[in-house]
Amino acid sequence: MTKRHGYALLTALVAVVVMISAAIYVGFSGVFGGDDDIQAGGAHPRSSAAPASTGTWAGSWSASPAGGEPGTETNGFFGHSIRNIVHTSVGGNAARITLSNLYGQSPLRITHASIAVASAPNNPTALSDTMRRLTFSGNSSVVIQPGQQAVSDALRITVPSDSDMLVTTYSPTPSGPVTYHPQARQMSYVARGDRTEEPSGTLYNQQSPYWRYLSALDVLSNEAQGTVVVIGDSLTDGITSTMGANRRWTDILAERLRTESGAPRYGVVNQGISGNRILADGFGRPANNPSGLSRFERDALSRSGVRAVIIDLGINDILRTPQQTDPAKIVDGLRELTRQAHARGLRVVGATLMPFQGHPGYRPDLEAVRQTVNEQIRAGKVFDSYVDFDRALRDPYNPRRLLDQYDSGDHLHPSDSGYRKMAESLDLSSLRGSTGAEL
């Protein structure tokens, strides 16, 4: 080979290396947002292209779609920016969200979406330099068909644990019923016009007690080993907990998993829907308040990084009309949920049903159903393990009712102290281990 030919070959090899490096660079940029990584004010401060971060994808927050929001049947919520405030369980160095149009009857067009760290708890103003634009398959906009959902691209952003995040969406066109979660126990905000990347909360002057469209926030985390999903009813939804204070029992569980020595480092996602039952759906198509059996795949088994499932369902099957007075049917429903989780290799922890004497729906025959279900749970024939909420919160002198200090006043739902007691009564080691219930 001549010297001239050698130089030509070397030049060609260098060119190939440069092309491959550029492709890798662009590829990573696409995964983590690239030039769509926007800071406060909409400026492009820097490129976010970098080798992919390591870690585990885990659920940091989630809420189950529960129905179509009344009053939005025709126009949806077009022409407004919806700023959902959600509270994280675990932190990470990248994030992605899920938007749902489950109850929509026409395509939902989202032309702009963003995520930011809140400057303070319950505040719609973003922390300085944390506002980021979200993309979907590389685009700033996405069209979500009726009954479907969309997951955003992964985006580099530092998501703190135990903190409020702002997730904002804007839709310019009418879209029909808004998919929402009504019992948020968290105030979110709405502004007129496209204020998606507006860091100030000044124009967000309309408050909302709902979460709209947003159903999940996942993080790429070095501190989490996976996710524990809690599926339940109003007791898990935290319907009587203090508004905006994150005092649901799942919030206290997340605190324990973050801080206690030897605890599994799981993110916690709350899939409670107030009024939820194991066996019966609500009305409509798709059903409002879908049964635990019909939503288990969507709300529990399909969550990011799920390692264990906690099931706290059954009391509404007993209380709500028509009352289920056959405990065997309730137990069979719970066993079916356990079987489905076992088919995915997941650990299942179930909860005993708490007392409700004093509630208007109380009847001695319904109390007998509750007691029979609890006997089966304690016998180890329903779940891999169980947490005894009944024993933890009942009045020792009258086990048919809640202890006063744990009672919100309606004799069914706990107070803040009661929710804390629920979380404290769970043996965290029960979230680990193999599946072993004798079904």
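I started with the sheet: six strands form an open sheet in the order S7-S6-S11-S3-S13-S14, with antiparallel pairing. Strands S7 (132-133) and S14 (206-208) are at the edges with a single partner strand each, so one side of each has no neighbour in the sheet. I took strands as DSSP runs (E, at least two residues) and helices likewise (H or I, at least four), numbered from the N terminus. Two strands pair if DSSP finds at least two bridges between them.

This is a predicted model: local features need pLDDT of at least 70 and side-chain atom pairs pLDDT 80 or more, while totals for chains, interfaces and linings use all residues. Residues are numbered from 1 along each chain as its sequence is written, and side-chain values use heavy atoms, without hydrogens and water.

Next I looked inside the sheet. S3 (residues 80-87) pairs with S13 (residues 188-192) in the antiparallel sense, over four bridges. Ile82 has Val190 of S13 as its bridge partner.

I then checked a hairpin. S22 (residues 394-395) and S23 (residues 398-402) run antiparallel and are joined by two bridges. Two residues link S22 to S23 in this hairpin. Arg394 stands opposite Leu402 in S23.

I looked up Ser215. Ser215 lies in strand S16 (residues 214-221). Is Ser215 buried or exposed? Ser215 is buried, at a relative accessible area of 6%. Buried means under 20% relative accessible area, exposed over 50%, and partly exposed in between (1.4 Å probe, protein chains only). Leaving out residues up to four places away in sequence, Ser215 touches Trp61, Ser62, Ala63, Pro65, Thr98 and Ser100. Contact means heavy atoms within 4.5 Å.

I turned to a helix pair. The axes of H4 (residues 292-301) and H6 (residues 327-342) come within 10 Å and cross at roughly 30°. That makes H4 roughly parallel to H6. Angles under 35 degrees count as roughly parallel. Axes are lines fitted to C-alpha atoms, for helices over the stretch in contact, with angles from 0 to 180 degrees between N-to-C directions. From H4, the contact uses Gly292, Leu293, Phe296 and Leu301; from H6, Gly333, Glu336, Leu337, Gln340 and Ala341. By class, I noted five nonpolar, three polar and one charged residues in the contact of H4 with H6.

Last, I took the whole chain. The chain has nine helices and 23 strands. Of its 439 residues, 54% count as buried. Among contacts between residues at least 6 apart in sequence, 79% join residues at least 24 apart.

Notes: Angles under 35 degrees count as roughly parallel, over 145 as roughly antiparallel, 65 to 115 as roughly perpendicular and the rest as oblique. Ala, Val, Leu, Ile, Met, Phe, Trp, Tyr, Cys and Pro count as nonpolar, Asp, Glu, Lys and Arg as charged, and the others, Gly among them, as polar.
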